[in-house]
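Reader: I'd like to learn how to read a disulfide in a model like this one. Could you walk me through the general idea and then the case at hand?

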Amino acid sequence: MSYASQQQGLTGTKLVALIIALAIVGGIGAVMVIGLAINAIKKEIERVTTVDIEEPPPPEEPDEPPPPQENTAPPPPVAPPPPISIAPAPPPIQTQPTIPPPSPPALRIPPPAPVGPPPAPPAPSQARGARTKNERSWATRIQENYPARALREEIEGTVGLRVTVTPDGRAANCSVTASSGSDILDAAACQGMERYARFDPALDAAGNPTNGSYSTRITYRLN
């Protein structure tokens, strides 16, 4: 009896435990089924509610017509005011004071003439140029001193000369003004003038001897 009672007691306990386990498993399965069903319902609702609906654009409002223009009459012409002529002011009148009469000219009395004989007139000027002295004599001597080389070569010619006449009447600074074409004859003529020519010297206004000048021509010709 005790063993059977024990067996029956154990069997009831196991049954109760089995029922509880089944209830727990069933509850967990029901929870899972309910959760899956809820997720499926949510997805269906989202699929149904997330349909894109494109709304047509609102119709364009027509442009308002411009307001009618009022026909306004142009303003009446305004005539310019008539010109006002203003006469220019008359020119100022210049008045001239009374001019006094000119004073009489001063009377000038010339000084009295000196008493005594009148002054002597100035002496006449004694200035003159140089003059030749015994020209034929010294001109012959110059021509007789025919250069020997010119004689041998039979050279002839006329030499134009100009010399300075010193206060003592001699010739200096001879220069050839017209060449004979031969340097031998030109040089001989100048040498002869400075050696043989004699003059009365030039004088200044007071009659004192001074430097003068003299020009001449010497001709060399073979006989």
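Author: Happy to! A disulfide here is a pair of cysteine sulfur atoms within 2.5 Å. Keep in mind that this is a predicted model.

Reader: How many disulfides does a search of the whole structure find?

Author: The search turns up one disulfide. Its partners are C174 and C190, with their sulfur atoms 2.3 Å apart.

Reader: Where in the chain do C174 and C190 sit?

Author: C174 belongs to strand β3 (residues 171-178), while C190 lies in helix α4 (residues 183-196). They are 16 residues apart, and the pair links distant parts of the chain.

Reader: Why is the disulfide called left-handed?

Author: Look at the torsion about the S-S bond: for C174 and C190 the angle is about -70°, so the disulfide is left-handed.

Reader: Are C174 and C190 buried or exposed?

Author: Buried means under 20% relative accessible area. Both C174 and C190 are buried. For the protein chain, buried residues make up 17% of the 223 residues.

Reader: Now the wider setting. What pattern does the protein chain follow along the sequence?

Author: The order is α-β-α-α-β-β-α-β-β-β-β, which comes to four helices and seven strands.

Reader: And what share of the contacts with a separation of 6 or more joins residues 24 or more positions apart?

Author: That share is 70% in the protein chain.

Reader: What about the accessible surface?

Author: The protein chain has about 19300 Å² of accessible surface, and carbon and sulfur atoms account for 60% of that area.

Technical notes. Residues are numbered from 1 along each chain as its sequence is written. This is a predicted model: local features need pLDDT of at least 70, side-chain atom pairs count only at pLDDT 80 or more; totals for chains, interfaces and linings use all residues. Side-chain values use heavy atoms; hydrogens and water are left out. Helices (H or I, at least four residues) and strands (E, at least two) are DSSP runs, numbered from the N terminus. Buried means under 20% relative accessible area, exposed over 50%, partly exposed in between (1.4 Å probe, protein chains only). Contact means heavy atoms within 4.5 Å. Accessible areas come from the Shrake-Rupley method with a 1.4 Å probe; for residues, only the protein chains shown count as cover.
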